[in-house]
There are 2 protein chains.
Amino acid sequence: MELKTRITELLNIRYPILQGGMAWITGWEMAAALSNAGGLGTIASATMEPEELILNIAKTREHTANPFAVNIPLRLPSSQRAVEIAISEQVPVVVSSAGSPGKHTETMKKRGIKVLQVAFTADMVKRCNEAGVDGVIAMGMESGGNISPPEISTFVLVREAVEETDLPVVAAGGIADARGLVAALSLGAEGVQIGTRLLATQEATLHSGYKQAILRAKDTDTCITGRTTGLQFRVLKNMLATEIQNIEKAGKGRDEIDSLTIGSLRKAAVLGDLEWGSVMMGQVAGMVHEIKSIREVLDDMIAGSIQEIERLTKYIV
Amino acid sequence: MELKTRITELLNIRYPILQGGMAWITGWEMAAALSNAGGLGTIASATMEPEELILNIAKTREHTANPFAVNIPLRLPSSQRAVEIAISEQVPVVVSSAGSPGKHTETMKKRGIKVLQVAFTADMVKRCNEAGVDGVIAMGMESGGNISPPEISTFVLVREAVEETDLPVVAAGGIADARGLVAALSLGAEGVQIGTRLLATQEATLHSGYKQAILRAKDTDTCITGRTTGLQFRVLKNMLATEIQNIEKAGKGRDEIDSLTIGSLRKAAVLGDLEWGSVMMGQVAGMVHEIKSIREVLDDMIAGSIQEIERLTKYIV
């Protein structure tokens, strides 16, 4: 038994589980592993040079015959070039984030690319309707990494998104297991995007210290930096995060923060610097207790969710 | 068809729906209406003088034969007296919040009172186990009113709470309809507590302007005040909230905030001052579009949730 929704149909995937694009982390290795396991793997283009992105797309294709996505944060200057590459390489799916959904959507769709847009508010979901995207990823404030103000939770945002659009909605933020998947479906989503849970996998291409930090983290161990600058991230509350928050409290500006954070994600992901790196993770890290293979994570979520739906029917008398 | 869980059994109620205790708002009128409709009505004792609390308990009993609760925020100096009254009046259920669950629990349980404790983190759920309460209300940061740092979302907190305890868990924050109820059950909760949805009801004893503010609010219209003082509230982002946030940004202290906020909840709830009152509401206000009767709200949630569970089974192929 499996779960089939409009998302599995739209993206031509076996399981309604998408991989969150995570800069410095999700290249071809994780994307291919995810797609081979039945979900939708995602190459994060944010920090890639053009030739690197082209190589990652080629390598993904070499290692999986299944559909995959490229995530393009539209606010970055490099996004224009990334869109051109997505088109010229004919990638199956683009997940556009951090910017207006209107930009580039029509061009990409004309070339047969499915476009999903990340939204943080109900208003943004409305703009997705106008932009003509194929689906919406409703991302709650419990997510790790870049989260936009005004910090709507997954529980509220997914419910609102489904009301605002007839497009299929994918829930992101706070989801790490079968119960999260079923809760997302209950709210009206037809798929989930997971990130933090995938960081604690055998295939995760990140420093082992970072993986251990996920396993150790409690629900209360993350915080949000950048509330005063508008460029917000949810990260492990380490020395770097505390220092940024102190700079913000002192009313100092973006420059001082930038001088600390440039290269900080690479420092965490590649070098394993858990104190002065940006150790991005969602609140749900508190629920992640063991390293699994990506295939196990996905299989467990799907098998578990069928049991969980059966559990729910037992409350009805 | 109805929903039966350990919460309906524990509290001897028909529907697994609890009313959030809301100071200045949920007195005997709303508590009795909620309990008559099959849920668990709650008298908010926070702002009541002892004789007022005794009167509200008597009036609730006069208007319903069903169980009801008294909410006692333990951090208030008046809580000791409220606990004594709950015991002497033999109320069926006490919801203790804003304080250590250990305090008073044993005394109340010995007198046959069921005790539920509000928790904001997984650690607090652990302390509930030690305190011997009968159930835990896991309250996410999307809730209106008093929410404690570090702002864990309902989606994450409920899932964690269920892992930390064998006690029945009630989900609070972000829930206003059947889909929210089923999502809460999916995460492992066995009941929900709702607040914001009940403010937009015919029976809600609050100023009509406040009710209209709930109907008008979008998901993005609330904000959190008090992050610098630790005494945090989610409220409508009005002039008062903006002014408090400005005071906080300027690094000024609790005294200046107190001078603005003393009496501000009454100002909103009783006098309908939407700009200089504390218009408390959750993020889910964006999902509340019409005034209903309390009975309709509850009946719709239950009937809808049975349909929603059936909808979920259709994703399985």
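User: A nonpolar core is a set of buried Ala, Val, Leu, Ile, Met, Phe, Trp, Tyr and Cys residues joined through side-chain atoms within 4.5 Å, where buried means under 20% relative accessible area, exposed over 50%, and partly exposed in between (1.4 Å probe, protein chains only). How many residues does the largest nonpolar core have?

Analyst: This is a predicted model: local features need pLDDT of at least 70, side-chain atom pairs count only at pLDDT 80 or more, and totals for chains, interfaces and linings use all residues. Residues are numbered from 1 along each chain as its sequence is written, chains are lettered from A and ligands numbered from 1 in the order in which they are written, and side-chain values use heavy atoms, leaving out hydrogens and water. The residues with the most contacts inside the largest core are A:Leu3, A:Tyr210, A:Leu298, B:Leu3, B:Tyr210 and B:Leu298. The size of that core is 181 residues.

User: How many residues are in the second, separate core?

Analyst: Among the residues of the second core are A:Ile13, A:Val93, A:Val170 and B:Ala69. Its size is 36 residues.

User: What area do chain B and chain A bury between them?

Analyst: Each chain gives 55 residues to the contact (heavy atoms within 4.5 Å). Buried area is the accessible area (1.4 Å probe) that two parts lose on being put together, summed over both. Carbon and sulfur atoms carry 61% of the area here, and the total is about 4600 Å².

User: Which residue of chain A forms a salt bridge with B:Lys218?

Analyst: A salt bridge is a side-chain nitrogen of Lys or Arg within 4 Å of a carboxyl oxygen of Asp or Glu. The interface of chain B and chain A has 6 salt bridges. For B:Lys218 the closest N and O atoms are 2.8 Å apart, and its partner is A:Asp123.

User: How far apart are the centres of the two domains of chain A?

Analyst: The assignment, with bounds from an automatic or database source, gives domain 1 (6–205 + 292–315) and domain 2 (218–280) in chain A. The contact between them takes 15 residues from domain 1 of chain A and 12 residues from domain 2 of chain A. Taken over C-alpha atoms, the centres of the two domains are separated by 24 Å.

User: Which residue does A:Glu151 pair with in a salt bridge?

Analyst: Domain 1 and domain 2 of chain A bury about 1100 Å² between them, 58% of it on carbon and sulfur atoms. A:Trp24, A:Gly145 and A:Glu151 lose the most area on the domain 1 side, together 42% of what that side buries. The interface of these domains has 1 salt bridge. With closest N and O atoms 2.8 Å apart, the partner of A:Glu151 is A:Arg227.
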